[in-house]
Amino acid sequence: MKRLLLLTLLLASAAGLRAAASKVSDFSDIPVIDTHIHLYDTTRPGGVPWPPKSDKILYRPILPPQFNAVAKRNGIAATVIVEASDLVEDNQWVLDLVREDPKRYLGVVGNLQLGTPEFAGQLARFAGDPRYVGIRLRQRPGGDAFFTDAVWRDLRLMAKSGKTLDILLANFSLDDADLIARRVPKLKILINHVTGLKIKGGEADPGWAAAVRRAARHPNVHCKVSGLFERTGQSPAPKDPAFYRSTLEVVWDAFGEDRLIYGSNWPVSVRGGAYAEYKAIVWDFFAPKGRGVMEKLLHRNAERFYGVRIR
C-alpha cells in the first residue's frame with residue numbers, strides 16, 4: 001500500500017511538472033533575467049548569518065553550480081543576486097563568487113546599513129564594481145525612528161550615484177515606500193515580493209490595494225513579481241494560477257507593463273514548489289497580455305532599472 005501511494009505521488013508530481021512546462025513553453029525565445037536569487041555557503045568558517053541551521057530546507061550550500069543547473073532546466077539566461085547577509089564583507093564575497101561568469105550573473109543587490117558614518121565609503125568601495133547595482137532595505141534599526149537625517153542623506157547619495165533601492169516589506173511598509181519616493185524622487189525603488197502581503201487566494205484586500213496604488217503613483221517606484229509561493233505561507237504552495245490572480249491583477253493595474261520585474265526568490269521558493277511550477281504561475285497571468293509585455297517583464301524592465309544587459 002505504501003509503495004502504491006508513493007508511486008501515485010511521484011506520478012502526480014511528474015504530471016504537474018509536465019503541465020507546468022507546457023504552460024511556460026510560449027515565448028521561450030525571450031531571454032529571462034531572474035532578478036531575485038540568493039547565494040551562500042553554509043560550509044564557510046563561522047557559518048552564515050542566514051539561513052539558520054534549523055532550516056532543514058535552506059541550510060545547505062547554495063552556490064553557482066546549483067543555480068546554473070536550475071537556470072539550464074528552466075530557460076533562465078541571467079540573474080541578479082540579492083545579498084541576504086548583513087556582514088559588510090559578504091558584499092565582496094558574493095561579487096568574487098560570480099566574477100568568472102558575468103554573462104549569467106549580471107548584478108548584485110548588496111546589503112549595507114543606511115544612516116551610518118561608514119555608509120558613503122562602503123557604497124563607493126563596492127560600487128567601484130559596475131555589477132554592484134544597489135542595496136536592499138531589509139533591517140530597521142531604531143524602529144519608528146529609522147528615518148533619521150543620516151538615512152535621508154544616504155538615500156539621496158544613492159540617487160545621485162545612480163544606485164537602486166530594493167525594499168523588503170518585512171520591517172517596512174508600502175507607506176514607507178511612498179514616503180521615500182516622495183522625498184527622493186530620483187531614487188529608483190523596487191518593492192520586493194509583490195509587496196510582501198499574505199496571499200490568501202480570495203479577493204484582494206481593498207486597503208492593501210489602495211496602498212499599492214499610492215506607492216505606484218510615483219514613477220520611480222517599481223514592483224518585483226517574486227516570492228509568490230512564500231507569500232502564501234503554505235508548503236507546498238497552491239499551484240492553481242487562480243489562487244494568485246487577484247494579487248497579480250492589483251499590481252498589474254497599479255504598475256503596468258513598464259514597472260513590473262520578474263524574480264523568483266530561489267532557493268526560498270523551493271519551499272513552495274519546483275521552479276517550473278513557479279514559472280507557470282507567472283506565465284499563466286502575463287503571457288496572454290502578449291509578447292511586448294512578456295519582453296518587458298522578463299528582461300527589458302530589469303535591464304532599464306538595474307542598468308544591466310543580457311550579453
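Start with the largest pocket, which has a volume of about 370 Å³. To get to its centre, select Trp50, Arg136, Leu168, His193 and Asn265, the closest of the 18 residues that line it. A pocket here is an open set of points on a 1 Å grid over the protein atoms alone, with protein on both sides within 12 Å along at least five of seven lines; lining residues have an atom within 4 Å of a point. Volume is the space filled by probe spheres set on the points, with grid points joined across faces, edges and corners.

Before you go on: this is a predicted model, where local features need pLDDT of at least 70 and side-chain atom pairs count only at pLDDT 80 or more, while totals for chains, interfaces and linings use all residues. Numbering runs from 1 along each chain as its sequence is written, and side-chain values use heavy atoms, with hydrogens and water left out.

Now colour the pocket lining by class: eight nonpolar, four polar and six charged residues. (Ala, Val, Leu, Ile, Met, Phe, Trp, Tyr, Cys and Pro count as nonpolar, Asp, Glu, Lys and Arg as charged, the others, Gly among them, as polar.)

Next, the cavities, sets of points where a 1.4 Å probe fits but cannot get out. There are two of 30 Å³ or more.

For the largest cavity, about 70 Å³, pick Leu39, Tyr40, Arg44, Val48, Pro49, Trp50, Glu83, Ala84, Ser85, Asp90 and Trp93. That lining has seven nonpolar, one polar and three charged residues.

Last stop: the second largest cavity, about 50 Å³. Select Asn111, Leu112, Gln113, Leu114, Arg136, Leu137, Arg138, Gln139 and Phe146 to show its lining, which splits into four nonpolar, three polar and two charged.
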